[in-house]
Amino acid sequence: MKPITENPINIPRYPLEFQQIITAKNQNFVGREFVFSAINKFLNQSDRGYFTIIGDPGVGKSAILAHYVSQNPGVVYYNVEITGKNRVEEFLTTICTQLIEIAQNQGIKTSVERSRNNLTANFSDSTTEDSGFLSFLLQQISNRLQPKQRLIITIDGCDRIDINNQPRGSNIFYLPRYLPEKVYFILSRRPFLADKSGLLIETPAQSLDLSNYPEQNRADIQEYIKTYLNKSSHSVDASAVYRRMRSLSEGKNPGDVSLNITEQGFDDETNFMYVKEILADINEDIYPQNLQIYYQNHLEKMNLATSKQQPMALQVLNILVQEQSISIEAIAERLDVDEYEIKVILDKWREFLHLESIAAEMHYSIYHASFRDWLRQQIESKF
């Protein structure tokens with residue numbers, strides 16, 4: 001990946017917790033050039049704007065942003081998924097702190113600069129109330145950018161933002177509706193309903209849905225497996241990895257499973273989180289512990305989202321885990337309920353579902369076969 005600019009702006013060091021996650025997400029990173037190319041094309045064609053990377057849980061969105069930041073000096077970074085970082089006050093305090101240092105490096109005198117030791121006190125008065133101070137900093141920095149410079153702010157995990165303490169109708173994290181020239185936000189988030197984006201903006205915007213690039217995703221996964229195995233001290237090959245995947249879905253010991261990779265379709269795998277945990281726990285015959293925790297968090301979020309629709313939500317989930325793909329009409333017919341009731345539930349689970357139009361009718365499925373199989377096992381164990 002080529003750097004975004006030949007003349008990057010000076011930025012402060014990232015907070016330690018951000019440095020750690022950037023380093024961790026960069027381990028064994030491969031590919032994703034189609035994403036970086038799309039970002040750079042947007043930067044070159046738009047004089048400002050929002051670029052959003054959309055993808056299912058575990059497909060590598062966080063790694064993409066972490067690698068992008070590591071390869072491009074001058075990019076501001078924020079990660080919502082770190083504990084305590086999902087509230088607007090924390091975001092504005094952290095981001096404005098970084099922006100103030102950028103402004104100071106440009107020679108800009110700000111009211112906050114007059115009292116660096118009382119930064120927090122100043123923030124509590126004005127910075128965290130709305131986007132006013134953030135927008136002020138963005139404009140001040142924009143005014144001082146050189147012809148080839150850009151200010152780019154990345155926010156990873158926008159689906160985790162807590163909007164309960166923001167006024168209704170305000171943008172997530174009070175992100176500005178308008179942006180000054182040469183200022184860009186690059187966001188990552190899971191799939192969402194169009195009317196639930198949480199953003200009202202009037203500036204150039206573009207989204208890249210990773211699910212629309214299956215061939216590139218498959219190629220990157222296969223390269224990731226090869227890279228991992230080449231660096232690993234384990235005497236395993238790619239066939240063992242794919243046998244391990246198959247064993248989980250069939251509930252067998254990996255050694256009991258014979259597998260021709262191409263014929264069984266595991267060359268279609270596109271979920272980095274799943275493959276990463278399989279590789280790390282290749283010799284076990286159960287779901288890796290980290291993967292189980294990851295899926296359990298998914299299930300808890302699904303249950304919380306549909307707490308007012310129980311027990312119908314459980315009935316809907318029981319149907320979803322038994323089907324490769326199914327329509328709202330078919331689910332409603334099985335349960336003998338109104339289609340609207342089913343849609344309400346599925347809408348609340350949007351980030352964990354794949355949508356596909358078949359014969360002019362929308363069909364729904366669990367986002368990843370492994371998660372579907374795990375859910376089925378959880379349901380079966382309770383009955």
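Modeller: A residue is called buried when its relative accessible area is under 20%, exposed when it is over 50%, and partly exposed in between, using a 1.4 Å probe and protein chains only. Helices (H or I, at least four residues) and strands (E, at least two) are DSSP runs, numbered from the N terminus. The model is predicted, so local features need pLDDT of at least 70 and side-chain atom pairs count only at pLDDT 80 or more, while totals for chains, interfaces and linings use all residues. Residues are numbered from 1 along each chain as its sequence is written, and side-chain values use heavy atoms, with hydrogens and water left out.

The helix in question is α7, which covers residues 214-231. Its 18 residues reach 26 Å from the first C-alpha to the last, close to the expected 26 Å; that expected span is 1.5 Å times one less than the number of residues. The buried residues of α7 are N217, D220, I221, Y224, I225, T227, Y228 and L229.

T227 counts as buried because its relative accessibility is 15%. The side chain of T227 reaches the backbone oxygen of E223 at 2.8 Å, a polar contact (a pair of N or O atoms within 3.5 Å; within protein, one must be able to donate a hydrogen and the other to accept it, and residues adjacent in sequence count only if both atoms are side-chain atoms). Leaving aside residues up to four places away in sequence, T227 touches N28 and V30, where a contact means heavy atoms within 4.5 Å.

We may now turn to the wider chain. The protein chain has 15 helices and eight strands, and 49% of its 383 residues count as buried. Of the contacts with a separation of 6 or more, 75% are between residues 24 or more positions apart.

Among the strands, β1 (residues 49-54) is largely enclosed by the rest of the structure, because six of its six residues are buried. In a regular strand the side chains alternate between the two faces of the sheet. In β1, G49, F51 and I53 point one way and Y50, T52 and I54 the other, and all are buried. Two strands pair if DSSP finds at least two bridges between them. Strand β1 runs parallel to β4 (residues 183-189), joined by six bridges, with T52 opposite L187. Five bridges also pair β1 with β5 (residues 205-209) in the parallel sense, and here I53 stands opposite L208.

Strand β3 (residues 151-156) is mostly covered, six of its six residues being buried. On one side of β3 lie L151, I153 and I155, on the other I152, T154 and D156, and all of these are buried. Six bridges join β3 to β4, and the two run parallel; I155 stands opposite L187 in β4. Strand β2 (residues 75-79) pairs with β3 over five bridges, also in the parallel sense, and V76 has I153 as its bridge partner.

A separate open sheet has three strands in the order β6-β8-β7, with antiparallel pairing. Strands β6 (326-327) and β7 (353-358) stand at its edges with a single partner strand each, so one side of each is left without a neighbour in the sheet. Six bridges join β7 to β8 (residues 361-366), and E356 has H363 in β8 as its bridge partner.
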